[in-house]
Amino acid sequence: MKIFVGIVKYSVLAMFVAIVGVTVAAYLDLPVPTKPLIVQTGSMAPSIPAGSLVVVTRKGTDGVGVNYVENDVITFQKGKELVSHRVVNVVRKDGEKFFQTKGDANQEKDSELVPDKQVVGRVVFAAPFVGKFVSYVKQPLGFILLITVPTMFIIISELMVIVGEIRKKPRKKNELINIYKPITLTVLCLIFVGTSFSY
């Protein structure tokens, strides 16, 4: 029974850490070269349908100034939004580089060229529908079911272990109670709540 409880506990812990990590990274504009993003529209269907989770990586230029080429799916800043479309042509004009882009599901190319400086990175991985799951976690019910409940389960199970150890043997004066796990999980949960746009 102990082995089963341990497997469940650490599986829940791993899921909790993964959900929090991916969700926070997807919704915060972190200054890192690789970041996960959630695709909101179907302009890249069927290769990248709406609700996909994509991983975008910034790619530096090589010796001849090439970074992104035709057929790459790039993510770029368009106003306040991020757009992921496929490169159909690379244009050099007045010493600057621009990308002609098009959504796979769109009939026409994008009307405006994308300057190289507005490109966030290239899509290197796409997981269909995973983004919907992450978005669900941002809703109150999803947060309760997938964050709050697992967190409380882990905290309570750790506290039960601590209480059991205290009852087994007397604690030495200089021995500290191992409560770092429940405290750490509680802090992580509070940080997640603070960074969630749903709250």
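Reader: Which residue takes a positive phi in the hairpin of strand 4 and strand 5?

Author: In that hairpin D94 takes a positive phi near 55°, and two residues lie between the strands. Strands are DSSP runs of E with at least two residues, and helices are runs of H or I with at least four, each numbered from the N terminus. This is a predicted model, in which local features need pLDDT of at least 70, side-chain atom pairs count only at pLDDT 80 or more, and totals for chains, interfaces and linings use all residues. Residues are numbered from 1 along each chain as its sequence is written, and side-chain values use heavy atoms, with hydrogens and water left out.

Reader: How many bridges join strand 4 to strand 5?

Author: Seven bridges join strand 4 to strand 5 (residues 96–102), and the two run antiparallel. Two strands pair if DSSP finds at least two bridges between them. Within this pairing, V87 has T101 in strand 5 as its bridge partner.

Reader: And what stands opposite F76 in strand 4?

Author: V83 stands opposite F76, while T75 has S84 as its bridge partner. Strand 3 (residues 73–78) and strand 4 (residues 81–93) are antiparallel, with six bridges.

Reader: What is the strand order of the open sheet?

Author: The seven strands follow the order 1-2-7-3-4-5-6, with antiparallel pairing. Strand 1 (34–38) and strand 6 (114–115) are the edge strands, each pairing on one side only.

Reader: Changing topic, where does I156 lie?

Author: I156 lies in helix 3 (residues 140–168).

Reader: Why does I156 count as partly exposed?

Author: I156 counts as partly exposed because its relative accessibility is 45%; buried means under 20% relative accessible area, exposed over 50%, and partly exposed in between (1.4 Å probe, protein chains only).
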